[in-house]
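Thanks for coming, everyone. Let me put the structure up, and then we will walk through it.

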Amino acid sequence: MALFSRDAGPEGIGEKAHTTFSRGAGSARGPKMSATGISQILYLPQLVPTLLLVAYGSLIIWSASLTIAEASFTRQLVGIALGLVAAYAMWVYDYRTLANMSTALLVAAALLMILPKVPGFGYSAKGITGWVRIPIIGLRFQPSEPAKLVTILLMASLGAQYNGRIETLRDYLKLCGILTIPFLLILTQPDLGTGLIVLVAGAAIIICAGAPRSWVLVTIGVVVLGATMVVVTSMTPGLPHVLKQYQLNRLIVFVDPSVDPSNNGYNLQQAKIAVGSGGFFGKGIGNATQSGSGFLPEAHTDFIFALMAEEFGFVGSTVLLGLFGAMIFASISLAQRVDSPFAKLVLVGIVTMWSFQLLQNVGMCIGLMPITGIPLPFISFGSSSMIAQLMSVGMVQSIWRHRPKAA
Amino acid sequence: MNPIVVIAILLAIVLVTLVLLVLVNRGEARFTFDIGGQAPRASGGGDNSAEKGFKTRLTGLSIFSGSIIGVLFARLWAMQLVSADEYAQQAELNRTRTISTVAPRGRILDRNGIELVTNRPSLVVVASPDVIDDEVKIQHLANVLGMPPMAVRRKIQDQTEGAQSQRTVAVDVSRRMVAYIDEHQYLFEGIHVEERVQRHYPQGTTCAHVIGYTGSPTQEQLKAAEEQASDTGISYESGDTVGQAGIEYQYESVLQGVRGEQTVYVDADGNVLDYASSIDAQSGSDVILTIDSKVQQAAEQGLVDAIERVRKAGNQVCNSGSAVCIDVTNGDVIALASYPTFSPSDFVGGISNDDWEMLSSEEAGNPLMNRVIAGQYPSASTIKPLSTFAALNYGIATSESQYVCSGYWTGFGEAYGQYCWNHDGHGGVDLRQGIVYSCDTVFYEIGKGFFNSDNPEGLQETYRRWGLGKATGIDLPAESEGRVPDAEWKWSYFTQADDYARSWQGGDTTNLVIGQGDLLVTPLQMACVYAGIATRGKIMRPHLLKGVATRTGGGTVIDYESEVALTVEEQDASLDLVQSGLQGVIYEESEAQASHFTNMKELVAGKTGTAERASDREPTGWFVAYLPADNPRYVVASCIEQGGYGSESAMYVVRDIMGAIYDEPDTSNAIDTSGVR
């Protein structure tokens, strides 16, 4: 946990290493930055917890596959393998090239989002039409997952231009405006959950790019007001219903779980029972009655955390949060130390995405957040998410590998 | 709380906070999250440098991510450590279901261990009430079950098992039909096959009125069982088999088992995954009756034959009757039959409305009615022994009293003349002969004597002393009390009549003394009276329960202990006179009648009776007798409604029962034409 702290350890990476960097000094006196051997090219403080998390996730999916027919352990392993290949590609690729490709990134994001609407590519599952089936190969994926990463890169490349200070309102509005493009495109999937992640990660990038506080607060106020208007009009008969009924139900259940429109309250209740009944050590692999006997719906995808918490208990939950914490703070620590504003902003976006997805997914299992279909990164069953998340890890590793003064 | 209100409040809070923040932070401030504020950096970098801006913003990001992990951790701590037990309990509740298991109902056996009622598994097709709206489904079902669609429709419409409950469409369906329905479940939504345990009657309709029948528990029974559940442990569920009449009802608490409990683990769809703890169901106990099947069958057949005999003789209105045989030494009911009868198996799986209406209808002779205990008739001449006791006790007559019968008695004046049944007159008769020949004149005199005496209600007192006017206390539900009329009763009964008609008249006493008029008795009451005469005053309580046996243990766990219902004090001389008179009835009254009994080794004593009823109805025929007269063991009584003379109807039933007991069938074909009553 010392990785992210300014005051970490006697030879920490704190002020000294940082200032060295900021001055552009060529010396490699900072112990972390002068790492030798494999740590020269791999940022282990972030990579190790990630790989442990993936391994832990595989164990959970394997245990889910014992009782849930759709949870195919093999398919998950294939997803991990594909993800690692993609991550390797990202790692080898010099991310800096992307800093000047904002237009291409915007086009890529738009293309990904339009793809499901193109005849021959579209594919529907679970009420969300946002799936793409690659012709001939027949492989299916959710374009909104890679779109998250593309949007982060896009916003980072734009935000980096201002070198930490957004001076004019025009620039600020331009950034906000461009962020709404992928956001709105994701909403058309429709996938409100992923849209929210993109919005939050993009907002974090804009803020860190140096937007004046008052502008940001006014923007947040406008967004909250707008969202409330959307909810209120959707609940009022006669006014346009922007939100779908199932989305409204999830909000209603979040406010008052005792009502149960279309089983959302039941799902939440079952998830909470699963988590709580896990106790300290958990019920053990294969002994989870909530997820194993079908009381907990979507136990291998959206509610995977509840399954884990039931089988491995508080110990397992702590390990999971610890690994997430380690990789998140290692990434923040890296962001502190790298020089390039683009790299910093990319890391800000990725860290925000992980943090927000963690909050959203775990939070929904324990009644802190409304129910959304957001997967738990590295854990939930599903290849699209796994590949996109591992690509993000590859991105972090690429930033380490291509740091200017090292090696 | 209304979600809109909550959202509105949240919105207001957010807006106010934002406005305050904007007001406080006017200017070009950027997010710094720099706790240290203006403190100079070690690097000496300018406060406004891009580098410092990033650094502090990244610290903000750390706080953002750190607080997310912190909040989640705190919440998980609360759920998985603090409230873990509570959640574990809920999870356990989630996956366990307790199913109550049916306890087999006890059997009903006769005194020799012959099964009268037992259980058998049965496949039953049941349908949800809403199937009635689906014509196609009904048609399908009718085809499969081989029933007319109309019948299927009526079964589904039938609400006797409760408006919400599943409707029994067919009982005892074949495996083949079940297989078809199971394989084509898509055609038969709302229709299920259930395996049930049904009551089974190996002896058919034998003993129907004794056994009674079963059905689903009524609302009252459900409620009563709930209130007493702590004592009996018996609880009912809709669809259970519960006694509704007869022994099934009387000994419900013995026959009904105690449901077991099976705790199972289920999945979210309710499929049973595994079995947890279980409490075994306790079978109901077997009830052993005092009934002897052989005698019982003779009684039932005897009734059928006797009624047939009467009808063949030209009396087509005769259609019902009853007979009972009791062991006078202990009150054991050996046979108890009522006609017309019913089939208890009609009630298995729920009786249809049509069947129920038929079984309760007057035109069909009210087959469900147990006439032995619930049929009330004037006793007719069978009361004469009691009238004799009364006369002797109150000094109205002595064993030496002599009477002259001219066939027409005018003791209350010419205007109130009454016939003896023998219009030719019996001539000079004494008290014993009055019984033997059933001479009404003798008893008219006795009645007149009572009417004019200081004890005008001495007759009623005597009748009551012998148990008339109140239930015998047999272990069957719905026993009638009968009626011993007196002045007070008459006054309050005929409220519409004028005072003269309401007041007790001499004619009422002379009617009463020969068992006509307003006196009402049940065949069982008369059997008890004659049992008392046979035992010289000790009337045992009639009962059907011989013992209770457990299914598993073998042997009886409870044996019925006979009890004296009534002890009647009469002088020995009086008893001798009456007993002698009753023997005389059998052997002296008429040759034809005697011929039916002289072919038996046992001496018989008894009395005929012919109760006049309304003028448009044939009289009710009675015959009550006990044997062996010298060492009484059994009393047999029979009563045929609209059967005419007792000697031409009920006598045959009694004789058939006696024949079955002693294996001495009646060989006489003589028909009594004397018109003896």
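One definition before we start: a residue is buried if 20 or more other C-beta atoms lie within 10 Å of its own, exposed if 12 or fewer, and partly exposed in between, with C-beta atoms placed from the backbone. Take B:R432. Is it buried, exposed or partly exposed? It has 19 C-beta neighbours inside 10 Å, so B:R432 counts as partly exposed.

Now some ground rules. This is a predicted model, where local features need pLDDT of at least 70, side-chain atom pairs count only at pLDDT 80 or more, and totals for chains, interfaces and linings use all residues. Residues are numbered from 1 along each chain as its sequence is written, while chains are lettered from A and ligands numbered from 1 in the order in which they are written.

Stay with B:R432. It is found in helix α15 of chain B, residues 431-436. Helices (H or I, at least four residues) and strands (E, at least two) are DSSP runs, numbered from the N terminus. Which residues does B:R432 contact, leaving aside its neighbours within four places in sequence? They are B:L577, B:S580, B:G581 and B:G584. Contact here means C-beta atoms, placed from the backbone, within 7 Å.

Next, the sheet in chain B. It is open, has 5 strands, and runs β12-β11-β23-β22-β21 with antiparallel pairing. Two strands pair if DSSP finds at least two bridges between them. β12 (333-339) and β21 (605-611) of chain B are at the edges with a single partner strand each, so one side of each has no neighbour in the sheet. On average, neighbouring strands are turned by 5° against each other, direction ignored.

What packs on this sheet? Helix α11 of chain B, residues 293-312, touches β11 (320-327), β12 and β23 of chain B, and its direction makes about 35° with that of β12(B). Helix α21 of chain B, residues 523-534, touches β11, β22 and β23 of chain B, at about 150° to the direction of β23(B). Those axes are lines fitted to C-alpha atoms, for helices over the stretch in contact, and angles run from 0 to 180 degrees between N-to-C directions.

Just after the helix, B:G314 takes a positive phi of about 115°.

Last, the cores. A nonpolar core is a set of buried Ala, Val, Leu, Ile, Met, Phe, Trp, Tyr and Cys residues joined through C-beta atoms within 7 Å. The largest has 127 residues, and B:V324, B:A335 and B:V635 are among those touching the most other members. Another core, of 122 residues, lies apart from it, with A:I304, A:F356, A:V362 and B:L61 among its members.

Definitions and conventions:
Contact = placed C-beta atoms within 7 Å.
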